[in-house]
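Trainee: Could we go through the labels used for this protein and see where they come from?
Mentor: Gladly, let's open the structure and take the labels one by one.

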Amino acid sequence: MPAASRTGSQLSIVSPTGYTASSCGYCTAPGSGTRSFTKSSRSYGIWAYRLSPYHYQTLIDQGWRRSGDYIYKPDVLRTCCAQIPIRLAVDEYRPTKGQRRALTQLLFSVRRSKPKPARWKGKWSRDRDWDVERRWQEVVPPSDAAEGSSSGSSSAWADRVAGPITNRLEARLALSSFSAEKYELFRRYQGKIHGESEEDISSEKGFRRFLVDSSLTLTWPSVGQPLTASQESAVRSQSWSTCEISEELPYGCYHQEYRLDGKLIAVGVLDILPKCVSSVYVFYDPDFGELQLGKVTALQEIALAKRLGRVEAMREVAYYYLGFYIHGCQKMKYKAEFGPSQLLDCSTNTWMRLADVAAKLEAKQCFEWSSASAHAVGTRDGCETDEGQVRVPTQPRPPPGMLDAQAMLGALNSLVRGGSAGHEASLDLVQAALVLEAQRQEEGINLLLETATAQDDCELVQAVECIAALANAELVSSMVLFM
């Protein structure tokens, strides 16, 4: 059955944290290891204790993103660096010259019996279609390639131009898990690539929280049901060669490990969701810089999305999500090179081609791209009171894609305290604004309202507005929210 019809089969348990201000890691030079000195990054946040993959798919299509169990939505109106979701329709992917060269370099790095010609000039692509899966299989052939598989001709071509494999590269997928080997690789990556000092690098606990732990419910795509305890135990004991996946995998958080002659050289952290493969993070061995592992791991994740989309139970997997994009930020520039890219208009939750909105991005307009009366995002209204407290972000105007928190509070007060029939029109706001325990709705709403004596209570408004950021009645109706 379509994924959309299964969203109600699971509950998610989340706790809104409201509106936050923090330092920004994108206002400083790449590799500096420093963040902004002021709390200029603005976002909404929720903690997830149990998160349906169907709900999370809806969330990321409304501008949210997870970091471990923390899920946040940047306020693109007020934040210093407007973070915009970016994705790629994998069947439309067209590699750049640099991406083709990265796989060419990898090909000659694992087949060292013949040197790369000094004047290569794109021989890999000449007179041949460029399909990311087939090109990857020339680097890492499936185990049955020698026995006449469909990739045999590609391997024969690679043998001819680069010689036989001399260094074995493996790429294997497994559910996310901790190992000292991964953590040590992460520390080396953060230190040398991001310039972080030894004391600033995340502890083992932080690493687990950020890149291993996940509240995503492991779910079978074919039936939309969570794995049983025994099924989960069995799946966690397995790993899959990424070139040979032909059956459904549970939705959830995975680690894709890359080993060269047995040595771990890269780990891609990714979520497999009903409509996409979503890249969470990647870290790699800085001593293998010539392999351009950042690029080639992304190419492999694109190939993975294409492969999963051919599995009957996962045929809706059609996109590769690269997280957030900041136009003009050097750290983010590479994401737009995996094209044709699509960006999310956070005011309407519609995806638009980056090429179609590039001029507006240059003009600092980061949303409302299809509106004739669009407002530029050049003004930063500020979100702090004189006392330094984060103020209600609906002043002077709601962030894009949000409902009005004051209107929702008014509707809730009227409904619970016996509002007149004239307030019936506000019921749609109530439905979209919050859902507490499904069997105890009225009691839950009363408890929420009793936390504030007035409609202008700052914390209450922020909490309700955070719920409003979910902006999807079906999604919210399947969540249990703890305030």
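Predicted model: local features only at pLDDT ≥ 70, side-chain atom pairs only at ≥ 80, totals over all residues.

Trainee: Let me start with the helices. Why are α2 and α8 called roughly perpendicular to each other?

Mentor: Helix α2 (residues 97–110) and helix α8 (residues 293–308) pack at an angle of about 100°, and their axes are 9 Å apart. Angles of 65 to 115 degrees count as roughly perpendicular, and therefore α2 and α8 get that description.

Trainee: Which residues of α2 and α8 make the contact?

Mentor: From α2 come Gly98, Gln99, Ala102, Leu103 and Leu106, while α8 supplies Lys295, Val296 and Leu299. By class, the residues of this contact divide into 5 nonpolar, 2 polar and 1 charged.

Trainee: Now for a single residue. How do you know whether arginine 65 is buried or exposed?

Mentor: Set the value against the cut-off: buried means under 20% relative accessible area. Arginine 65 has a relative accessible area of 7%, so arginine 65 is buried. Across the protein, buried residues make up 52% of the 483 residues.

Trainee: Where is arginine 65 found, and what does arginine 65 touch?

Mentor: Arginine 65 is found in strand β3 (residues 65–67). Leaving aside residues up to four places away in sequence, arginine 65 touches several residues, among them Tyr56, Tyr70, Ser278, Val280, Tyr321 and Gly323. Glycine 323 is 258 residues apart from arginine 65 in sequence, yet the two are 7.1 Å apart in space, C-alpha to C-alpha.

Trainee: How many contacts in the protein join residues at least 24 apart?

Mentor: Among contacts between residues at least 6 apart in sequence, 71% join residues at least 24 apart.

Trainee: And what makes β9 and β15 edge strands?

Mentor: An open sheet of 9 strands runs in the order β9-β6-β10-β11-β12-β13-β5-β14-β15, with mixed pairing. β9 (240–241) and β15 (350–353) each have a single partner strand, so one side of each is left without a neighbour in the sheet.

Trainee: How do you know that β12 and β13 count as paired?

Mentor: Two strands pair if there are at least two bridges between them. Strand β12 (residues 276–284) and strand β13 (residues 319–325) run parallel and are joined by 3 bridges. For cysteine 276, the bridge partner in β13 is tyrosine 319.

Notes
Residues numbered from 1 in each chain as written. Heavy atoms only, no water. Axes fitted to C-alpha atoms, helices over the stretch in contact; angles between N-to-C directions. Helix = DSSP H or I, 4+ residues; strand = E, 2+ residues; numbered from the N terminus. Parallel < 35°, antiparallel > 145°, perpendicular 65-115°, else oblique. Contact = heavy atoms within 4.5 Å. Nonpolar A, V, L, I, M, F, W, Y, C, P; charged D, E, K, R; others polar. Buried < 20%, exposed > 50% of the residue type's maximum accessible area, 1.4 Å probe, protein only.
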